[in-house]
Amino acid sequence: MSKVSGTLMQKLRSDPRIFFKFLHILDKKTNKMVPFTLNDEQEELLDELTTTNKIIVLKARQIGCSTLVRAYFLWKQYTSGEPTTHAIISYTRDSADHLHSMDKQFYLKLPRPLQRKLSKSSNRTLQFADTKASLRSFTAGGKAGATRSFTFNSAHISEFAFFDDQEELLANVVASVGDGQIVIETTPNVPGDKYHQLITDAGKNGWSLCFFPWYKHKNYTAKSRFHQASVPDLDALEEEMMTNFNLTKGQMYWRRTKVNSIGLEKFRKEFPSTVDEAFLSNSNLWFPTDVIDRLDRIDTGRGPDHYVAGEPRMDDVYSMGVDVASGAGGDYSTITVVSRTTNQPVYHYRCNNILPHNFADVVFEKYFEFNEPWTIVEQNGVGEVIISRLREWKLKNIWKDDKGKYWRTNKHNKIAIYDHLRDLICEGDISTVSKYLWSELRVIETGDNGVPNAALKGSHDDLTMATCLALWMAKVKPAPSFFQVKRELIEEFKKKAKARKIRKFGPLPFRPAGVTYG
């Protein structure tokens with residue numbers, strides 16, 4: 001195999017489109033290899049790829065975005081003079097293998113003079129012998145740690161919305177890539193997840209959004225049959241869409257047949273007309289989407305501890321809700337502390353790998369950090385471990401009912417506490433939440449039995465549960481009146497002043513001149 005000349009390599013480096021002229025792809029209609037010719041969406045995405053380092057793609061299916069990204073990453077590898085590494089990260093092994101097979105197919109169909117010698121060619125790696133530049137594929141079955149301990153120059157994350165912990169995955173990739181390029185492309189999964197957050201905040205969070213609606217793709221049209229007697233006419237919503245987006249009857253007929261085939265909700269996800277439509281759900285959401293989306297969201301950082309409103313105040317009173325999980329990496333053990341004076345969440349704890357026995361230590365610590373708040377611990381399941389230890393420690397402000405029993409969630413009380421949170425949000429009493437709580441609120445549905453649940457795959461409601469418990473506790477044990485608070489603050493001030501004097505003078509048997517003790 002001949003070595004690529006310096007002049008040709010310089011041309012290839014100058015513009016990926018020159019390199020793309022040598023690539024071939026499989027034409028699914030003819031089942032033959034044809035030259036790789038960019039469509040309009042691929043041209044637009046390529047312009048973004050060559051100018052932006054953090055790109056998130058929201059698109060209709062099968063418009064060639066994945067193909068373009070793989071061709072672009074091969075170009076980056078091919079034209080690199082250094083041992084750079086460019087990663088493909090996907091949710092499933094099959095998906096990662098498919099994307100990597102596109103890389104190999106592109107390479108193997110290059111003209112022979114351009115096929116540089118390979119030092120590695122496997123199911124997961126394609127590496128050039130001279131520069132050691134490589135393409136590598138990764139998968140973790142949805143777990144976020146697949147790329148930990150690796151260093152990349154760029155990364156392409158596919159099916160991002162289906163990873164169990166998108167937050168951790170993205171943090172690992174950002175740490176691995178540093179200032180390099182990251183491209184995220186995926187079909188939407190659930191509203192309110194990390195992918196949705198990135199899109200919602202695009203332009204303000206350092207990410208650039210590339211959105212490609214279905215009707216912009218030239219192939220998504222068909223011969224209209226609306227004139228036939230057996231085909232129902234356009235309904236009012238279809239007429240409105242046709243007018244709003246200036247669509248043809250051929251496009252509307254294509255949409256009609258696709259919706260009839262896969263259903264409206266799936267069509268909206270896989271072939272969105274707008275960004276918002278991609279995250280719409282026909283499900284019966286417990287919290288009104290428009291109200292939830294108006295809430296201010298606070299980025300409280302990574303890690304289990306999240307202070308929403310600063311450190312605890314001695315002049316405030318609190319309540320605490322505790323929801324306990326097994327610590328096996330699925331559901332989260334959570335704590336929410338709210339101010340009983342303002343009903344505002346001030347602190348969250350959220351961890352899915354802490355064992356209940358150790359989680360009890362966290363509950364104990366926060367109990368005293370927030371001035372011994374009235375606390376509800378959900379006793380269901382492993383919650384009994386926490387209750388047992390709190391009883392052992394003789395913590396006094398733990399909620400019990402009139403019969404002396406701890407909180408056990410059932411259909412009726414769950415509806416009551418979730419309804420209380422919904423009222424507070426809809427009435428504007430709560431206007432600011434952490435981003436994690438917002439993500440959960442966005443996807444909680446009303447089940448067939450009327451009970452709210454996080455019913456969608458990959459979603460959780462553990463932090464919401466802890467928040468509902470804390471707010472219910474604040475309702476059951478409301479903050480004292482202003483007069484009582486003022487009186488207690490005065491008493492607290494006197495006690496502190498007396499303590500300071502004792503520390504200064506010591507426990508003297510007499511009273512120094514001019515000093516009085518409260």
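These legends walk through several close-up views of one predicted model. Residues are numbered from 1 along each chain as its sequence is written. Local features need pLDDT of at least 70 and side-chain atom pairs count only at pLDDT 80 or more, while totals for chains, interfaces and linings use all residues; side-chain values use heavy atoms, with hydrogens and water left out.

**View 1. The whole chain comes before the details.**
The protein chain has 18 helices and 19 strands. Both are DSSP runs numbered from the N terminus: helices are H or I with at least four residues, and strands are E with at least two. Of the 518 residues, 48% are buried. Here buried means under 20% relative accessible area, exposed means over 50%, and partly exposed is in between (1.4 Å probe, protein chains only). The accessible surface comes to about 25400 Å², and 50% of that belongs to carbon and sulfur atoms. Those areas come from the Shrake-Rupley method with a 1.4 Å probe; for residues, only the protein chains shown count as cover. Now for contacts, meaning heavy atoms within 4.5 Å: among those between residues at least 6 apart in sequence, 70% join residues at least 24 apart.

**View 2. Two nonpolar cores sit in this chain.**
A nonpolar core is a set of buried Ala, Val, Leu, Ile, Met, Phe, Trp, Tyr and Cys residues joined through side-chain atoms within 4.5 Å. The largest one has 49 residues, and F19, F20 and L68 are among those with the most contacts inside it. Helix α4 (residues 65-79) gives the largest share of this core, 9 residues. A second, separate core has 29 residues, including F287, V291, W407 and Y418. Back to L68: leaving out residues up to four places away in sequence, L68 touches F20, F36, L38, Q42, L45, L46 and L49.

Rings of Phe, Tyr and Trp (its six-membered ring) pair if their centres lie within 6.5 Å. A search of the whole structure turns up 30 aromatic pairs. Ring pairs tie F19, F20, F36, Y78, F106, Y107 and F128 into a cluster. R116 lies over the face of F128, 4.4 Å from the ring centre. Elsewhere, R297 lies over the face of W438, at 4.1 Å from the ring centre. To count as over a ring, NZ of Lys or CZ of Arg must be within 6 Å of the ring centre and within 35 degrees of the ring normal.

**View 3. Helix α14 has a buried face.**
In α14 (residues 383-392), the buried residues are G383, I386, I387, R389 and L390. Seen down the axis of α14, they fall within an arc of 170°, so they line one face of the helix. That arc is taken from the directions from the helix axis to the C-beta atoms. On the other side of α14, R391 and E392 are exposed. Cover for the buried residues includes α13 and β16. Just after α14, K394 takes a positive phi of about 60°.

**View 4. K366 is a lysine of helix α13.**
K366 lies in α13 (residues 356-369). Is K366 buried or exposed? K366 is buried, with a relative accessible area of 4%. Leaving aside neighbours within four places in sequence, K366 is in contact with D305, Y307, M320, I335 and Y347.

**View 5. W374 belongs to strand β16.**
W374 is found in β16 (residues 374-377). W374 is partly exposed, at 23% relative accessible area. Not counting residues up to four places away in sequence, W374 touches several residues, including Y318, M320, R340 and W399.

Technical notes
Rings of Phe, Tyr and Trp (its six-membered ring) pair if their centres lie within 6.5 Å; planes under 30 degrees apart count as stacked, over 60 as edge-to-face and the rest as tilted.
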